[in-house]
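Dear colleague,

I am passing on the structure below, and my notes on it follow. Please read them with the model open beside you.

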Amino acid sequence: MTVQVSRLDNGLTVATDRMEEAETVSLGVWIGVGTRHEVPEQNGVAHLLEHMMFKGTRRRSARAIAEEIEAVGGLLNAYTGRETTAYHAKVLTDDLPLALDLVADILQESRHDATELERERSVVLQEIGQAEDTPDDIIFDLFQETAYPEQGIGRPVLGRPDIVQSLQRDDLVGFQSQRYGAERMVLSAAGKVDHEDFVARAAAAFGTLPSRSHLPHEGARYQGGDLRIQRDLEQVHVLLGFDGVGYADPDYYAAAVFSSLLGGGMSSRLFQEVREVRGLVYSIFAFHGGQTDSGLFGVYAGTGESEAGELMPVICDEILKAAEAPIADEELARAKAQLKAGILMGRERSDNRAEHLASQILVHGRPLETEEIVAEVEGVTQQEIQRFAARMLSCTPTLTTLGPISRIESHDSVTARLKPAAGPVVQQTAGV
């Protein structure tokens, strides 16, 4: 492997992935903290905190942070997820010291100025409003919340407007001090980087970072159900999903292959039948999103109001056929090839490699060799796919619809369509 891993005295993991021919370095700190680690009355604090990290430190103003990274043509950004928050940069090789110093500065010396907080609160509220105006975006948050009601893993990453409006500086400082411990962090770099030099720089930049953090952890409890929102839109946005599996589950790779053959590309069953043969949609795809202790398998489609009545029966039929009938060898090989290509193409970019390395360490406690991942994909059998599909279909479906939804059949009807493969299903519907 081109990967090396070290650990600082305070528990911070430092990992590098050397790319000899690269002219850039991507680096960042990935933290195993996200929306699911918030208390309910502070939903959105993780995301607001991420924004505030760029609004000035003891050494730099917000403008100086932006000017310094762009003066060398670099990129500096961050994101918040349900289980992870990341602060990352990409620069030319010679500018690694500056990028590392900037990331260390915003993570440890941000002032969280009250005036800046009011400005950034307004920015985040606008971001929430923009998401609300983007139906094919917001429906995924609604889907997550319907699958995991009243749980941290189900709450929106951006937060709820009324809560974001009420968050104060002490909320941000408290969340950071309690959650951002070094033992929950991975400092990762990929590109033309020397591991020993990078570790020495990391020790100087992060050596005083507090070690321990408190992470309230509520295990994910999939429930499923029905959420329907009538809205005056051009399209009906539909998400049909099921309980999936976590990263460490034996069926994880089978779930990935199943999603690929069902709806992973233009040759997939859903794309061919729903779009090419019937012309019911412009966009349709299947996905499986893993989490540390759970996962969600889903199918998204956007369709016209007049086509909405035909859509759900076709989707259910295609799911059942893929779950029950034998899969042709060439179709299985094609689904695997898509996954493998995605893995290997991602290796060509330093930012992808830095992120993947950090994520693997956070999830698995170690880096995974590319050959190991490819072998897992290659080894998936038809029997494993059918085992996962039967397991998936045994749960209550999650159905989330947004738009002119009058022609979408009921949750009970969709559940009944899936019963031949699923067997008896206990209905747990929370309708709107």
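Helices (H or I, at least four residues) and strands (E, at least two) are DSSP runs numbered from the N terminus. This is a predicted model, in which local features need pLDDT of at least 70 and side-chain atom pairs count only at pLDDT 80 or more, while totals for chains, interfaces and linings use all residues. Residues are numbered from 1 along each chain as its sequence is written, and side-chain values use heavy atoms, with hydrogens and water left out.

The open sheet has 5 strands in the order 7-11-8-10-9, with mixed pairing, two strands being paired if DSSP finds at least two bridges between them. Strand 7 (225–230) and strand 9 (281–290) are the edges, each with a single partner strand, so one side of each has no neighbour in the sheet. From one strand to the next, the twist averages 10°. Strand 9 runs antiparallel to strand 10 (residues 295–304), to which 9 bridges join it, and Phe287 has Gly298 in strand 10 as its bridge partner. Helix 9 (residues 252–263) also lies across strand 9 and strand 10, and runs at about 175° to strand 9.

Elsewhere, helix 3 (residues 96–109) packs with helix 8 (residues 195–206) at an angle of about 30°, their axes being 10 Å apart.

Best regards

Key:
Axes fitted to C-alpha atoms, helices over the stretch in contact; angles between N-to-C directions. Contact = heavy atoms within 4.5 Å.
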